[in-house]
Amino acid sequence: MISTAVKKSVQAFKPMPKFELPDYTQKPAIPIRHIAVGFDGKEIDFAFYMNNQFASTFFATLSVFLTYGEDLVIETARYHRDFVKDPLLKQRVTSLIGQEAIHSKLHNEFNDAIAHEAVNFPVKLYRFLGEKFFDNIFLKFPQPLKLSMMAGIEHFTAVLAEYMMKHEKNFYYSNDAKTRAMWMWHMLEESEHKDIAYDVYQLLNGNYALRAAGFFIAFGTILGLIPFSTLFVPVLRQPKDLVTRKFWKDAKRGVALIFSPNDGVFGSTMGQIFDYLRRDFHPNDHDTSEYLEYYKEKLLKEGGAIAPYLVKVFTPALRS
Ligand SMILES: [Fe+2]
Ligand SMILES: [Fe+2]
């Protein structure tokens, strides 16, 4: 029923592509990096993010749900790749699909590990909810809306990645090198591929109102459903903690770490998040190329945080 109503309303948004493709010859091809971490629930630091359990719980909840968002991106990108004629953009779409597929795989391994009794994250329940939600609602949406949601989701991961790259020290409060490698590698690649979904959307559809609709769905999911789901994790994990002062102190700081307008991950980036609604917005208006170069140099080379886990780097072939 929802899907019929959505289908009808999406038909009202007529495609209006009048997008001039950026000159991709000036950009390096995007590689797909295979990394193998081998998580062990007993080794995971559940206060990984800045020694704060509540903020770390938010990221763990995000880790469970984002795999479904990534699967939506992969499915949508695969469907639309056939309509992209430019060989360089086509190659970039293949890189996006490859990078997201490995993100999803690695986060699923991390999620398996936090289900371990040492962490006791309610992975099974949240996977059940995520799967039901995406299978019955989001994946049933018509392709133009999924394309717009894909661009919207990628905007949020780009903003998150930029924030994290600008706050590198936040990854170093903990000695958990594996969790650090996963998030740093993920953030680097989200920033690296941040314009692909947007360019495909503008090229194949370009309707502004539909782009805004995809943004608001992504907004509601990432800044509504995920924080809401985070609230129940402590209740399900260790309910006896809830009566301690330590828990509430940690939770108060955790909420600020994510939502404070001064320096919170999402609270302080609201302006950049809503910049997406500017009609002439483009992801590259926020230049992250220097951070990206710094991170590639620092993390992937010998001695870097990702280097010990890097298995293979592969660049998709150029096909017309
Ligand atoms: Fe990703
Ligand atoms: Fe992405």
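Two residues count as in contact here if their C-beta atoms, placed from the backbone, lie within 7 Å. The model is predicted.

**Exercise 1.** Describe how helix H2 (residues 53-81) and helix H8 (residues 208-237) pack, and list the residues of H2 that meet H8.

Solution. 
1. Two packed helices are described by the angle between their axes and the distance between the axes.
2. The axes of H2 and H8 come within 9 Å and cross at roughly 120°.
3. The crossing of H2 past H8 is right-handed.
4. On the H2 side the contact residues are Thr57, Phe58, Thr61, Leu62 and Phe65. They meet Ile226, Pro227, Ser229, Thr230, Val233 and Pro234 of H8.

**Exercise 2.** State what the chain does over the stretch that UniProt annotates as "transmembrane region".

Solution. 
1. The annotation, from an unreviewed UniProt entry, covers residues 212-236.
2. Over residues 212-236 the chain is 100% helix and 0% strand.
3. The end C-alpha atoms of this stretch are 35 Å apart.

**Exercise 3.** Check the length of helix H6 (residues 177-192) and say how far the helix is enclosed.

Solution. 
1. At 1.5 Å a residue, the 16 residues of H6 should span 22 Å.
2. The end C-alpha atoms of H6 are 22 Å apart, which agrees.
3. A residue is buried if 20 or more other C-beta atoms lie within 10 Å of its own.
4. Of the 16 residues of H6, 14 are buried, so H6 is largely enclosed by the rest of the structure.

**Exercise 4.** Assign the side chains of strand S1 (residues 32-35) to faces, and describe its pairing with strand S2 (residues 310-314).

Solution. 
1. In a regular strand the side chains alternate between the two faces of the sheet.
2. S1 and S2 run antiparallel, joined by 4 bridges.
3. Opposite Ile35 stands Leu310 of S2.

Methods:
Residues numbered from 1 in each chain as written. Chains lettered and ligands numbered in written order. Predicted model: local features only at pLDDT ≥ 70, side-chain atom pairs only at ≥ 80, totals over all residues. Helix = DSSP H or I, 4+ residues; strand = E, 2+ residues; numbered from the N terminus. Expected span 1.5 Å × (residues − 1). Buried ≥ 20, exposed ≤ 12 C-beta atoms within 10 Å, placed from the backbone. UniProt positions renumbered as here; feature names shortened; annotations may be inferred. Pairing = 2+ DSSP bridges. Axes fitted to C-alpha atoms, helices over the stretch in contact; angles between N-to-C directions. Left-handed = near helix turned anticlockwise from the far one by under 90°.
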